[in-house]
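Please open the model in your viewer and keep the selection panel at hand.

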Amino acid sequence: MTAIRDRIFAAVVAALQAVGVVVEEMPSGDPDQFPCLAIFDRGQRVLQDEGEPASNLYAMGLLIEGYVEGSGGVAVRSAINALYVDTIKALVADETFGGLAQGFAEGDLTIDVAELASVRAVGFVLDVQIQFFASRIDPAVL
């Protein structure tokens, strides 16, 4: 059976696809289509140890990057902010991600000029935490 965290990641990707832009999972290079979102798995930490053989409450860290093409100005600033807003709306539409998670917490947002090889772009980086329970002895079991 697939680990709960992998199913949560897939549910987050599906939620982000509702934004209507290209969504890349764990990309290893620069985006080639704009606007776009990229999502990265940043691991997890135990929030609450429920004891053997019960489950632990985890916080799964995700990093979401968003990019819009442009060399600056009001239009690009508005476009990156619109992409951020659409991203948050997609994530909070079902904060349990189909019943897999206990909650969603938005972290820090950073917006800056994106240093891409061949395209002028502006991007954001958004930290996200998804809380979920999983068995201590079998991380595929809720």
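Begin with strands S3 and S5, which run antiparallel and are joined by 15 bridges. This is a predicted model. To follow one of the pairings, select Leu-57, whose bridge partner in S5 is Phe-133. Next, colour S3 by accessibility: 14 of its 15 residues are buried, so S3 is largely enclosed by the rest of the structure.

Now turn to the aromatic rings. The structure holds two aromatic pairs. Select Tyr-58 and Phe-132 for one of them: the pair is stacked, with 5.3 Å from centre to centre and 25 degrees between the planes. Tyr-58 belongs to strand S3 (residues 55-69) and Phe-132 to strand S5 (residues 120-135), so the pair ties together parts that are 74 residues apart in sequence. Both Tyr-58 and Phe-132 are buried.

Select Tyr-84 and Phe-124 next. Their ring centres are 6.2 Å apart and their planes stand at 85 degrees; planes over 60 degrees apart count as edge-to-face, so this pair is edge-to-face. Tyr-84 lies in helix H2 (residues 74-92) and Phe-124 in strand S5, 40 residues apart, and the pair thus links distant parts of the chain. Tyr-84 and Phe-124 are both buried.

Which residues of H1 are buried? They are Ile-4, Ile-8, Phe-9, Val-12, Val-13, Ala-15 and Leu-16. When reading such a list, recall that an α-helix has 3.6 residues a turn, so residues three or four places apart point the same way.

Display H1 and H2 together. At what angle do H1 and H2 pack? The angle is about 130 degrees, and the axes are 8 Å apart. H1 and H2 are therefore oblique to each other. Their crossing is right-handed.

Finally, move to the loop between strand S1 (22-25) and strand S2 (36-49), and select Asp-32 there. Is Asp-32 buried or exposed? Asp-32 has a relative accessible area of 63%; because residues over 50% count as exposed, Asp-32 is exposed.

Notes. Residues are numbered from 1 along each chain as its sequence is written. This is a predicted model: local features need pLDDT of at least 70, side-chain atom pairs count only at pLDDT 80 or more; totals for chains, interfaces and linings use all residues. Side-chain values use heavy atoms; hydrogens and water are left out. Buried means under 20% relative accessible area, exposed over 50%, partly exposed in between (1.4 Å probe, protein chains only). Helices (H or I, at least four residues) and strands (E, at least two) are DSSP runs, numbered from the N terminus. Rings of Phe, Tyr and Trp (its six-membered ring) pair if their centres lie within 6.5 Å; planes under 30 degrees apart count as stacked, over 60 as edge-to-face and the rest as tilted. Two strands pair if DSSP finds at least two bridges between them. Axes are lines fitted to C-alpha atoms, for helices over the stretch in contact, and angles run from 0 to 180 degrees between N-to-C directions. Angles under 35 degrees count as roughly parallel, over 145 as roughly antiparallel, 65 to 115 as roughly perpendicular and the rest as oblique. A crossing is left-handed if the near helix is turned anticlockwise from the far one by less than a right angle, and right-handed if clockwise.
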